[in-house]
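Dear colleague,

Please find below the structure that I promised to hand over. I would be grateful if you could read the notes that follow with the coordinates open beside them.

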Amino acid sequence: MRRELKRQIKQDELRTGLEKATGWVRAHSREVQMTAAAVVVLLGAGLLVQNFRDRQDANAEAAFATALDAFQAPVTSETPAAAPPGGTTYATSEEKYRKALSEFQAVEKSASGEVRQRARYYAALSQIELGDLASAEKTLGELAARKDDDDIVPSLARLALADLHRRNGQPDKAIEAYRRMLEDGGFLLPRDYVLHELAATQEAANRPQDARASYERLFQEYPGSVYAGEARQRAEYLQPQRG
């Protein structure tokens, strides 16, 4: 009996609640209609914004691809064979990289997120090819300092920055940069390549013992690497001569 009474009370409460809600909606029908319309407008605006962003992203990707085509295009004076039909060619490297730089900088201004960072990276590489090393170093330094576990651009920038130090006649800075990459568990590029560049930099800087140790580490830790055979040869060549 008591259980039946409780069930009846719950049903009455539910019925009363529904009646009150229905009555409120009827009494405030205009407000309800306005609220529903506002929700529809907001949803529509959200879809428009998302559609606009999707178009922006697609346009940015297309512009980046065009800039990358320029960056990778053949130079007539450096191409022994005829260029592929329909492909763009440039008379000089300077012309090519100036075109690429201009297009990457345009992408940088209009894009956001990953596309923008990739455009900045390739703009810096173009600046290196054009001899504007100070601007390239600044950009690469900013990109290398970014913290994003899923973005490969900071790792690429660190590698390019080390190579730039080497080009600038700063082997100590390059060597230290390569060593930090090898020690960093978050570095996203192949470590056998980093070891190869470290060893080559040490050898060029007339540090044969350090270079030999790096070459040996390369072929011992990465025996399947494409650089392993060369590393073994260089390590044997740098072996101290006895007596």
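The notes below go from the overall fold to the cores, then to a helix pair, a loop residue and a pocket.

Please keep in mind throughout that this is a predicted model. The protein chain holds 10 helices and zero strands, so that the order of elements from the N terminus on, as defined by the DSSP runs, reads α-α-α-α-α-α-α-α-α-α. Of its 243 residues, 30% count as buried, and among the contacts between residues at least 6 apart in sequence, 46% join residues at least 24 apart.

The largest nonpolar core has 30 residues, and those with the most contacts inside it are Phe64, Phe104, Tyr121 and Leu140. At least two residues of this core come from each of helix 2 (29–72), helix 3 (93–110), helix 4 (113–129), helix 5 (133–144) and helix 6 (153–167), and it is helix 4 that gives the most, with seven residues. Apart from this core lies another, of 22 residues, which includes Leu182, Ala211, Leu218 and Phe219. As general background, nonpolar side chains in soluble globular proteins tend to be buried together.

Buried in helix 3 are Lys96, Tyr97, Ala100, Leu101, Glu103, Phe104 and Val107, a list that has the charged residues Lys96 and Glu103 in it. If residues up to four places away in sequence are not counted, Phe104 touches Phe64, Ala67, Leu68 and Phe71, and also Ala119, Tyr122, Ala123 and Ser126.

Leu198 lies in helix 8, whereas Ser214 is found in helix 9; the two are 16 residues apart along the chain, and their C-alpha atoms are separated by 7.1 Å. Why do both count as buried? The cut-off is under 20% relative accessible area, and Ser214 counts as buried because its value is 8%, as does Leu198 because its value is 4%. Leaving aside neighbours within four places in sequence, Ser214 touches Leu195, Leu198, Ala199 and Gln202, while Leu198 is in contact with Ile175, Tyr178, Arg179 and Leu182 as well as with Ser214.

Between helix 8 (191–204) and helix 9 (208–221) there is a loop that contains Asn206. The phi of Asn206 is near 65 degrees, a positive value in a residue other than glycine. Because its relative accessibility is 65%, Asn206 counts as exposed.

Lastly, there is the largest pocket, in which about 290 Å³ of space lies. Its lining is made up of 15 residues, and Arg146, Lys147, Pro154, Arg158 and Asp184 lie nearest its centre. Helix 5 and helix 6 are the elements that give two or more residues to this lining, with helix 6 giving the most, at three residues. Sorted by class, the lining has seven charged, five nonpolar and three polar residues.

With kind regards

Key. Residues numbered from 1 in each chain as written. Predicted model: local features only at pLDDT ≥ 70, side-chain atom pairs only at ≥ 80, totals over all residues. Heavy atoms only, no water. Core = buried A, V, L, I, M, F, W, Y, C linked by side-chain atoms within 4.5 Å. Buried < 20%, exposed > 50% of the residue type's maximum accessible area, 1.4 Å probe, protein only. Helix = DSSP H or I, 4+ residues; strand = E, 2+ residues; numbered from the N terminus. Contact = heavy atoms within 4.5 Å. 1 Å grid on protein atoms, 1.4 Å probe; cavity = no way out; pocket = protein on both sides within 12 Å on 5 of 7 lines; lining within 4 Å. Points joined across faces, edges and corners; volume = space filled by probe spheres on them.
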